[in-house]
Amino acid sequence: MVKVRIPTPLRILTGGKSDVETAASTIQTMIDSLNGQFPGLKDRVCDEQGEIRRFVNIYLNEEDIRFLQGKDTPLREGDEVSIVPAIAGGDHPDERHR
Amino acid sequence: MSHTHTDKMKGLICRECGKAYPPVSLHVCEMCFGPLEVHYNYEAIKSRLTRARIEAGPKSLWRYHDLLPIQGEPTVGLHAGLTPLIRAKNLGHELGLDHLYIKNDTVNHPTLSFKDRVVAVALTRARELGYDIVACASTGNLANSVAAHAAAAKMQCYVFIPHDLEASKVLGNLVYRPNVVEIEGNYDDVNRLCSEIAGERKWAFVNVNIRPYYAEGSKTLAYEVVEQLGWTAPDHIVIPMASGSLLTKIWKGLNEFHTLGLLDSLTTKVHGAQAEGCSPIATAHKQGRDFFKPVKPHTIAKSLAIGNPADGYYALKAAAASGGAMDTVTDEEIVEGITLLAQTEGIFAETAGGVTIGVLKKLAKQGIIKRHQTTVALITGNGLKTQEAVMHAVGKPTRIPPSLAAFQQLFHLGTEER
């Protein structure tokens with residue numbers, strides 16, 4: 001399973017949960033599967049074209065997926081994903097350590 | 001000003017998804033997390049704004065009131081802006097540029113940096129929105145300006161700064177008696193903490209919840225350059241980058257003037273300058289990416305030491321749209337830039353100015369800026385605030401006893417006939 005950290009503004013969709021688990025094999029399928037569990041989540045994270053929104057940062061094990069394979073980045077057992085919206089335009093990498 | 005118009009601002013709008021909001025204290029789109037910016041009614045503005053109307057305005061940035069996001073009369077920072085644009089012949093000679101100008105915000109009123117512009121706008125707007133407590137996250141200059149303006153405006157003030165700032169920038173807060181909070185961390189840590197505090201306190205954080213209004217103040221640097229060049233835009237503007245907001249807003253200001261017909265043509269290239277020890281935006285630009293990797297800053301240019309630049313994406317976009325370049329300089333080149341500007345033009349800039357001059361020099365050398373082209377370097381802060389950076393590089397005074405012989409000996413002078 002892959003652990004996904006949910007940021008405060010999206011917890012309204014996850015029933016307040018800050019961590020959820022997924023068996024998805026890529027970032028893309030992770031978003032789709034989370035949207036199945038928590039309807040509306042995809043709209044917040046992705047734009048109308050299905051691309052990850054510019055001011056939503058997704059990290060796989062501390063690395064920004066933009067520097068990996070974007071939404072096609074593969075996920076493996078034990079990985080940790082953080083969804084971190086940019087606030088004031090900048091992201092909050094340190095939130096990953098909380 | 002008796003001719004204030006309240007119809008110029010429609011509200012706020014998300015730069016990413018276009019969602020509209022009323023003109024309140026809000027900076028992030030609740031849908032897509034994109035940054036909000038002011039949505040102007042340009043049709044209404046165009047119907048009344050002329051060069052003559054601006055020229056008849058006050059001798060401050062408020063002559064551009066029509067393009068600034070306040071609804072009533074300005075109430076804070078009435079004397080900010082309209083700093084000198086200096087023809088830099090000596091420096092131009094050194095760099096091989098025949099039409100070089102320095103926009104000298106080292107003498108901005110009252111705290112000697114371009115931040116007096118953004119704070120004048122931010123605090124006026126904060127008051128309009130009903131706030132009586134102001135705050136900011138700052139690398140120094142912004143805190144100084146917020147503290148000074150808050151004192152004059154009789155507003156309560158909290159400034160949050162990294163723990164390792166230059167002594168003058170710390171003192172330049174304390175003297176106004178705000179609450180000065182030093183954070184054990186770098187600016188990015190300060191900024192993150194301030195975002196959290198802003199979420200729970202009803203304070204006007206000028207660069208957090210007031211940011212859409214605050215950032216607009218930077219446009220006035222572009223407006224002034226154009227007006228001071230006789231209503232023409234230069235071929236090049238070299239701009240220091242921290243969050244990337246200044247470069248973004250310079251480009252916006254130029255385009256507004258062009259769209260509104262105040263500027264006949266616009267071919268300006270806006271170039272970004274960063275210190276090598278903190279260059280997330282310039283690095284992304286060089287690698288041809290439109291996203292950047294946050295860094296941990298290590299540079300003497302502390303005012304530019306933002307590792308996770310809020311407007312980095314938009315700065316990359318603006319530079320690309322204008323055909324501008326980006327480059328970096330080492331700490332050593334920053335000091336050289338400061339002393340070169342001082343010794344050629346008599347202007348003592350802070351470290352950010354050293355970054356700008358260093359990058360200007362590189363762009364001229366590389367032929368990106370050509371000899372005959374009109375070029376403006378934005379010098380945004382005063383060297384007296386970052387003395388630590390140059391202390392080792394400026395020598396010491398020579399001490400002698402108060403005797404004529406000692407003086408003559410010192411300079412190898414004989415007795416001169418008068």
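Colleague: What radius of gyration does chain B have, and what would a compact globule with 418 residues have?

Modeller: Bear in mind that this is a predicted model. For 418 residues the globule rule gives a radius of gyration near 22 Å, and chain B has 22 Å, so the two agree. Along the principal axes, the C-alpha atoms of chain B fill a box of roughly 75 × 50 × 45 Å.

Colleague: How many helices and strands are in chain B, and what percentage of its residues are buried?

Modeller: Chain B contains 16 helices and 13 strands. Of its 418 residues, 57% are buried.

Colleague: Now the helix pair. At what angle do helix α4 and helix α5 of chain B pack, and how far apart are their axes?

Modeller: Two packed helices are described by the angle between their axes and the distance between the axes. Here helix α4 (residues 115-128) and helix α5 (residues 141-153) of chain B pack at about 45°, with axes 9 Å apart. That angle makes α4(B) oblique to α5(B). The crossing of α4(B) past α5(B) is right-handed.

Colleague: Which residues make the contact?

Modeller: From α4(B) come B:Lys115, B:Asp116, B:Val119, B:Ala120 and B:Leu123. The α5(B) side has B:Asn141, B:Leu142, B:Ser145, B:Val146, B:His149 and B:Ala153. By class, this contact of α4(B) with α5(B) has 6 nonpolar, 3 polar and 2 charged residues.

Methods
Residues are numbered from 1 along each chain as its sequence is written. Chains are lettered from A and ligands numbered from 1 in the order in which they are written. This is a predicted model: local features need pLDDT of at least 70, side-chain atom pairs count only at pLDDT 80 or more; totals for chains, interfaces and linings use all residues. Helices (H or I, at least four residues) and strands (E, at least two) are DSSP runs, numbered from the N terminus. The radius of gyration is taken over C-alpha atoms; the globule rule is 2.2 Å times the number of residues to the power 0.38. A residue is buried if 20 or more other C-beta atoms lie within 10 Å of its own, exposed if 12 or fewer, and partly exposed in between; C-beta atoms are placed from the backbone. Axes are lines fitted to C-alpha atoms, for helices over the stretch in contact, and angles run from 0 to 180 degrees between N-to-C directions. Angles under 35 degrees count as roughly parallel, over 145 as roughly antiparallel, 65 to 115 as roughly perpendicular and the rest as oblique. A crossing is left-handed if the near helix is turned anticlockwise from the far one by less than a right angle, and right-handed if clockwise. Two residues are in contact if their C-beta atoms, placed from the backbone, lie within 7 Å. Ala, Val, Leu, Ile, Met, Phe, Trp, Tyr, Cys and Pro count as nonpolar, Asp, Glu, Lys and Arg as charged, and the others, Gly among them, as polar.
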